[in-house]
Amino acid sequence: MNKFMSVLEDILLPIADKLNNNRYLTALRNGFMVALPLIIFGSIFVVIANLPFLDRLIGEEAYATYQNALGPASAATLSIMGLFVIIGIGFKMVEQRGGESIYGGVVALASFLVLTPQILEETTGVIPTSALGAEGMFLGIFTAFISAELYQLFVRKNLTIKMPAGVPDAVSRSFSALIPITLTLSVFLLIRVAFSFTAFETVQNFIYTLIQQPLTALGSGLPATIIAVLLIQVFWFFGLHGQIIINSVFDPIWYSLNEQNLSAFQSGEELPNIVTKQFMDTFIVGIGGSGMTLAVIAAIFVVTKSRQLRELGKLGGPAGIFNVNEPVIFGLPIIMNPLVIIPWLLAPVIVAIVTYFAMDLGFAPRPAGLIVPWTTPALLSGYLATGNNIMGAVMQLINMAIVFVIWLPFLKVLDNQYYREEQSVQATA
C-alpha cells in the first residue's frame with residue numbers, strides 16, 4: 001500500500017501542481033466564478049417558471065402568460081452565459097499581470113463579437129443567442145485568452161498614448177488603452193476576414209466542428225466521467241482541491257452539455273445528455289461534498305462507538321448537509337489515510353456508473369440544465385436539478401445508500417482502531 005501511494009504521489013502531485021498554478025486554467029476557473037451568480041439567478045427563475053401542476057391550477061393560457069413574463073430572467077443570463085464567462089476570463093487574465101483588468105474584459109468581449117457571425121435581417125445584423133451561449137463557449141474561451149495576451153503584449157511594448165500631467169486619471173487610462181485595444185481588435189477582424197475565404201466560412205464553425213464537438217462528445221461519455229471523478233478523489237487524497245483542478249479542465253464541456261439540456265427542457269423536448277455540470281455537482285459532489293461524505297457521516301452515527309468519530313460526526317454533520325465536508329476530509333482524516341483510500345476512490349465511481357445507467361434506462365430523470373447552488377441540501381437539489389422531479393431526489397437517496405454500504409466495513413476498521421486507542425489511554429490514565 002505504501003509503495004502504491006508513493007507511486008501515485010510521484011506521478012500525480014507534479015501534474016496537479018502544474019494544473020493548479022497554470023494561469024490559463026486559473027483564469028478559466030475564475031471566469032466561470034464571475035458568471036456563476038448570474039447563471040444561478042437564471043436557473044432559479046427557470047425552476048419557478050416550470051413549477052409542477054401550475055398549468056392545471058391556473059389554466060394553460062394563464063400559465064403561458066406566466067412563463068413569458070419570467071422568460072427574460074433566463075434569456076438574459078443562461079442563454080448568453082458565454083458572454084459573462086468571456087468577460088471574466090479577460091478580466092482575470094489581465095489582472096494576473098497587474099494590468100488594467102477592466103480593459104481585459106472589454107477587449108475579450110469585443111474580440112468575440114468581432115468573430116461572431118451575424119444574421120442580416122433587412123438593414124439590421126442580429127446575433128443569435130445560441131452563438132452567445134453553449135455553442136459559442138469554446139470560441140469565447142480561446143478568444144478571451146488570445147485577446148488578453150495580445151492586449152498585454154501591446155501594452156508592454158509601450159504602444160500607448162501618454163497624456164500630460166493634470167489630465168483626469170480615468171481619461172488618461174482610457175487613452176492609454178486605445179492603441180492596444182485597436183490593434184487587438186484589428187487582429188481579430190483580419191482573422192474573421194481570412195476565415196470567410198475558407199470552407200468553414202467563420203471561426204465559430206471551425207472551432208465547433210474541429211474542437212468543441214469532439215470534446216463535448218468525449219466529455220459526455222461515461223469513460224471520461226469516470227476518469228474525472230477518479231482524479232478528483234485522488235487529488236483530494238493528497239490534500240489538493242481536486243474539484244477545482246478537474247473543473248478547470250472539464251467545466252467548458254459540462255456547461256456546454258448543460259446548456260443543451262436546458263434548451264431542450266424549455267422547449268419540452270427530450271433531454272439529450274446524461275453527463276452535464278449538474279450530473280457532477282448534484283448527483284456526486286452535491287451529496288455532502290467531494291467523496292459524498294454525507295453518507296459517511298450517517299454511517300458514523302449508525303455503526304461507530306469511538307468518541308473521536310462520533311464527535312467528528314457532530315462537527316461535520318451540519319456542514320455536510322450544505323455540502324461542506326472539510327471537517328470530514330481533515331478530521332477523519334481522509335488525506336493520506338491508507339485505511340480509507342479504497343472507499344474514497346471507489347464509492348464516487350460506482351455512484352457515477354449507477355447514476356449514468358439509471359438515467360440512460362429512464363429510471364431517473366436526466367438533469368434539466370438548471371444550475372442549482374452547490375450548497376443546496378441533497379434531495380432538494382436532486383428534485384430541483386431535474387426540473388422539479390421527485391425521482392431526482394430518489395436517485396440521490398440511492399446514491400447515499402451505495403456510499404453508506406461501501407464505506408461501512410472500512411469505517412468499522414477505523415472505528416475499532418480509534419476505540420482501542422481511546423480505551424488504552426483511559427486504562428493508563
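Modeller: Residues are numbered from 1 along each chain as its sequence is written. The model is predicted, so local features need pLDDT of at least 70, side-chain atom pairs count only at pLDDT 80 or more, totals for chains, interfaces and linings use all residues, and side-chain values use heavy atoms, without hydrogens and water.

Colleague: Why are H10 and H16 called roughly antiparallel?

Modeller: The axes of H10 and helix H16 (residues 341–360) cross at roughly 155° and come within 9 Å. Angles over 145 degrees count as roughly antiparallel, and those under 35 as roughly parallel. H10 and H16 are therefore roughly antiparallel.

Colleague: What makes up the contact of H10 with H16, by class?

Modeller: It has 16 nonpolar, one polar and no charged residues. Ala, Val, Leu, Ile, Met, Phe, Trp, Tyr, Cys and Pro count as nonpolar, Asp, Glu, Lys and Arg as charged, and the others as polar. Among the H10 residues are Leu222, Ile226 and Gln233; H16 brings Trp344 and Pro348, among others. Contact means heavy atoms within 4.5 Å.

Colleague: How do you know that the span of H10 agrees with its residues?

Modeller: The expected span is 1.5 Å times one less than the number of residues. The 16 residues of H10 (residues 222–237) should therefore span 22 Å, and the end C-alpha atoms are 23 Å apart, which agrees.

Note on methods
Helix = DSSP H or I, 4+ residues; strand = E, 2+ residues; numbered from the N terminus. Axes fitted to C-alpha atoms, helices over the stretch in contact; angles between N-to-C directions. Parallel < 35°, antiparallel > 145°, perpendicular 65-115°, else oblique.
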